[in-house]
Amino acid sequence: MVQKKLPVRMCSGCSEHKLKKELVRVVRTPEGEILLDLTGKKSGRGAYVCPNLECLKKARKAHRFERALDCKIPDEVYDRLEAEMRDAGNG
């Protein structure tokens, strides 16, 4: 029996490779909106981060989402992402 290969992605904060389902996806939609994609199914360009505020802060400081999503990300978007992550119980 052939085992199915599990998708692995790199965290934008700590740069560790983890299973895709263990990470939270940050997506730039075709309309240019930046969202936290907890399902991992929204359409658009995605970047991944561990579900903790520490990795989100590291990724923000190093502008890793801006590079990965190829757009400027306003501070209020980062603040909203942090609030959403906190609300999801991943602080």
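Start with the largest nonpolar core, which has 21 residues; select Val26, Val49, Phe65, Leu69, Ile73 and Leu81, the ones that touch the most other members. A nonpolar core here is a set of buried Ala, Val, Leu, Ile, Met, Phe, Trp, Tyr and Cys residues joined through side-chain atoms within 4.5 Å. Buried means under 20% relative accessible area, exposed means over 50%, and partly exposed lies in between (1.4 Å probe, protein chains only). At least two residues of this core come from each of strand E3 (24-28), strand E4 (34-37), strand E5 (45-49), helix H1 (53-61), helix H2 (64-69) and H3. Helices (H or I, at least four residues) and strands (E, at least two) are DSSP runs, numbered from the N terminus.

This is a predicted model: local features need pLDDT of at least 70, side-chain atom pairs count only at pLDDT 80 or more, and totals for chains, interfaces and linings use all residues. Residues are numbered from 1 along each chain as its sequence is written, and side-chain values use heavy atoms, with hydrogens and water left out.

Apart from neighbours within four places in sequence, Ile73 is in contact (heavy atoms within 4.5 Å) with Ile34, Phe65, Glu66 and Tyr78.

Next, select E3, E4 and E5. These three strands form an open sheet in the order E4-E3-E5, with antiparallel pairing. E4 and E5 are the edge strands, each pairing on one side only. Neighbouring strands are turned against each other by 30° on average, direction ignored. Axes are lines fitted to C-alpha atoms, for helices over the stretch in contact, and angles run from 0 to 180 degrees between N-to-C directions. Two strands pair if DSSP finds at least two bridges between them; E3 has five bridges to E5 and four to E4. E3 is largely enclosed by the rest of the structure, because four of its five residues are buried.

Within E3, click on Arg25. Its bridge partner in E4 is Asp37, and Tyr48 stands opposite Arg25 in E5. Then follow the chain from E3 into E4: this hairpin has five residues between the strands, and Gly32 takes a positive phi near 95°.

H3 lies across E3, E4 and E5, running at about 15° to E4. Is Glu82 buried or exposed? Glu82 is buried, with a relative accessible area of 11%. Not counting residues up to four places away in sequence, Glu82 touches Leu53, Leu56, Lys57 and Arg60.

Move to Ser12, in the loop between strand E1 (8-10) and strand E2 (17-19). Ser12 counts as buried, at 9% relative accessibility. Beyond its neighbours within four places in sequence, Ser12 is in contact with Ala47, Tyr48, Val49, Ala59, Arg64 and Phe65. Ser12 and Ala59 are 47 residues apart in sequence, yet their C-alpha atoms are 5.4 Å apart in space.

Finish with the cysteines. How many disulfides does the whole structure contain? The search finds zero, where a disulfide is a pair of cysteine sulfur atoms within 2.5 Å. Select Cys50, which is buried with a relative accessible area of 1%. The closest cysteine sulfur to that of Cys50 is in Cys11, 3.5 Å away and therefore too far for a bond. Cys71 is partly exposed, at 23% relative accessibility. For Cys71 the closest cysteine sulfur is also in Cys11, at 18 Å, too far for a bond.
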